[in-house]
Structure formats: structure tokens, C-alpha cells
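Hi,

Here is the structure I promised to pass on. Have a look at it first, and then read my notes below.

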Amino acid sequence: MSTIPTVLFVCVHNAGRSQMAAGYLRHLAGDRVEVLSAGSAPGESINPVAVAAMAEEGIDIAGRQPRKLTDDTVRESDVVITMGCGDACPYFPGKRYEDWVLDDPAGQPIEAVRPVRDEIRRRVEDLLVSLGVPITRELTRPDGMTIAFHEWNGDVETPPIVLQHGYVASTETNWVGPGVVDALLAAGHRVIGVDARGHGRSGQSADRALFGEPTMARDLSAVMDELDVREYQLVGYSMGAVVSLLVAAADPRVTRLVVGGVGSAVVELGGVDTRMVDGDLLVGALLAEGDLSEYPAGARLFRQLADVMGSHRPSLAAQAQALHAGPTDLASVTVPTLVLAGRDDVLAAKPEVLADALPDGRLRVVDGDHLGAVSDPEFIEALTTFVAG
């Protein structure tokens, strides 16, 4: 199977079941799966009741068109899911085939289509688990912001490892790209990554009143409530480390904690080290158009990272104006805590001060600066060893 698997959904008319399945898979997996759908005898348009049922889920399939099933479509797919197309679906060796027995929604009222839709979602989620692809969901908070979270190994019954990324980053760039998620999955863990508001796939806003690490901490706890998580281990990096410390101080469900990319500033300032990058200049660099030469190197670096990652710069500027400046109740973080810092990370200076301030803290220093430490094999080894207990 290719790095990004291709899944093909097939039904007779490609107007109902296969379109709903394709809609769910695009919604839950994003760009981690290539999604195709086709019909052995495609109709002229999509069933409007199926469109309405999916709209209730916040998924728009109205613009899709039924497509004819061809040998080439099957040939380019890794997984082929049939839904009543019978012998019309060609067979090619090396493909994974499944047949989902589902009622045909054609001509049915929406009350009859909803159970079919819900069964399709359940099966799509099971498919993602079997492919090792995370399921991405969203939680809408009382202030209207949506929080995206990503779950791997959702069928594993042990308490999950929850990951909170740093400023400008996302679950994908902070934890998936460097190999942390793969290492945790290889060890058999259930993993949940939360995209902080204004980052990754979560909601965006230029309103500073919607940001700040305490708000992000409440978001993370709300995601755990949504998933009915009874206990979990928490890992945070940089901004995410501050968020995680705030969560661990207040949420008794946290059993172990790893914080990286932070040092003495958490003790001395209450949060990330704003002494290294002036907040006003950072905001200016994030919002500036054109020449950035007037801004210091640190501010330009964050702007460059935002551009490379395609981040929403007004959201980042709003968070920069709402940075948590303490106090952080470290005395209430009583769970075993590992402080992980890069040897050359100027934003995590004197990490021993933080480790000593935690009731059950310990320190591990690895090679790398603020951006590189998380990719260091020693960082990943220390993290996975610690959460293994």
C-alpha cells in the first residue's frame, strides 16, 4: 500500500451510500487518505435525502456527481469497499476488498436514511483504525471556536497519550513529522493529538480574547470529556508545555506528564520565555506585509515558520498578545513529570530550575535547539520510556 492509501467506495448508483461514505472519510481523515467513489450504474445526481442527512453532520456532499466505475479506478485503489454493486466490481490481485451490507437509501425518507448514515460512519471509523490513519473530529466550544483533535488506535483500551503542540505548530508538524506518534503507536499506545485554537485544523480568529494558554487548557480538558477519557498521560511542547502544566495542575485524570521546550521561564515568568522575543515585535512581524528586515531575528523566524506551515497569522498574533504570564501553580502538579530540553534551546534555558520546582520532577537534556530537539532520537526514546512507566 502507498504511503497515502487510496480508498474506493462503490455502490450501484453512486448517489447515496458510497457518497456518504466518501464524505465521511474525507471529513475524518482529511488529506491522509485519497478518497474515490463510483457506481456500476451511476445515477444523474446525488440523492437529496442523503445530502440532507450528511448536512446534519456538517458535511457537504451536494457538489459531488455520480461517477462511472472503471477498471482503472479499481486499479489505482488500495482498498475497495462495495455496497451492493454485485459482480460489476472488477477484481485485481493485491487489493483489499470489503463488502458492506447496507440498506439502500434510495426513495427513503430522512428518518430511514439516518440509521444508514450512522452505520456508515461507524464503519468508516473502523476502516481508519485498520489503516492506521487517525480519526479527526471537532469539538465546538461555548465561545464558538472549534477544536480539532486526532486519534490513533482508538480501539486500544489502555489510557491514551495526549499530545499538545507548540506555538505556530500543529499535531502534524510537532508530533507526526518528527516521528513521535509513530514511536508511541509502535509501543501499542492509543494517541490523541489536540490542535490548539488558531493552529492546525482548529478554529481561527484575530480576537485575542479567544486565546491564551488557560483557555487552551480548558479546551484540552473538554476534549477528554468529549471522549469520556477517565485517565491519561499528557505531553506538551513549548506553548503546549505551559498548557499541559495548567491542565495537570487542575485535572486529576492526568497520571504522568512530559513537558519539553520550556525551562526556568515557567518558574520565573509563569509561561514561555518572552525575554527572547519581544511580544509586540512578534505581533508586528506576524502581521507585516513586505519587508521584515526591521524586525529582530527571533520574530522573523516565527513569521517564516508561520509562512512555511501555512498558519493563520492573525490567530498567531492574537495568541502572542494573550500569552499566559503566570502564576502557574507548579505545586499542584504532583504527578511524575519529565522535563525534556534541547541542549541548545535558548527558549528552554535552565530547565533544571523547572524540574526542581515540580514536586515529582526529573530532567533529561538531549541534543538540539528548540526546533530540532523533538526530532532527536534521545528525545523520542526518553518520552516513550517515561510514558511506559
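In which kind of crossing, left-handed or right-handed, does H7 pass H8? The crossing is right-handed. Keep in mind that this is a predicted model.

Some more on that helix pair. The axes of helix H7 (residues 213-226) and helix H8 (residues 239-250) come within 8 Å and cross at roughly 65 degrees, so H7 counts as roughly perpendicular to H8. On the H7 side, the contact is made by Glu213, Pro214, Met216, Ala217, Leu220 and Ser221. H8 contributes Met239, Val242, Val243, Leu246 and Val247.

Now the rings. I found 5 aromatic pairs in the structure. One of them is Tyr91 with Tyr97, a stacked pair at 5.1 Å centre to centre and with 25 degrees between the planes. Tyr91 is exposed because its relative accessibility is 59%, over the 50% cut-off. Tyr97, at 28%, counts as partly exposed.

Trp175 and Tyr237 also pair up, this time edge-to-face, with 6.5 Å centre to centre and 90 degrees between the planes. This pair links distant parts of the chain: Trp175 sits in helix H5 (residues 171-176) and Tyr237 in strand S9 (residues 232-237), 62 residues apart. Trp175 has a relative accessible area of 0%, so it is buried, and Tyr237 is buried too, at 4%. Ring pairs also bring in Phe379, which forms a cluster with Trp175 and Tyr237.

There is a charge over a ring as well: Arg256 lies over the face of Phe386, 4.2 Å from the ring centre.

Last, a few backbone spots to check. Most residues other than glycine have a negative phi, and most peptide bonds are trans. Here are the exceptions I noted:

- Asn14 is not a glycine, yet has a positive phi of about 50 degrees. Asn14 is in the loop between strand S1 (6-11) and helix H1 (17-29), and counts as buried because its relative accessibility is 0%.
- Asp228 has a positive phi too, near 55 degrees, and is placed in the loop between H7 and S9.
- The peptide bond from Gly326 to Pro327 is cis, with omega near -5 degrees. Pro327 is found in the loop between helix H12 (313-321) and strand S11 (337-342).

Cheers

Notes. Residues numbered from 1 in each chain as written. Predicted model: local features only at pLDDT ≥ 70, side-chain atom pairs only at ≥ 80, totals over all residues. Heavy atoms only, no water. Phe/Tyr/Trp six-rings, centres within 6.5 Å; stacked < 30°, edge-to-face > 60°. Buried < 20%, exposed > 50% of the residue type's maximum accessible area, 1.4 Å probe, protein only. Helix = DSSP H or I, 4+ residues; strand = E, 2+ residues; numbered from the N terminus. Lys NZ or Arg CZ within 6 Å of the ring centre and 35° of its normal. Axes fitted to C-alpha atoms, helices over the stretch in contact; angles between N-to-C directions. Parallel < 35°, antiparallel > 145°, perpendicular 65-115°, else oblique. Left-handed = near helix turned anticlockwise from the far one by under 90°. Contact = heavy atoms within 4.5 Å.
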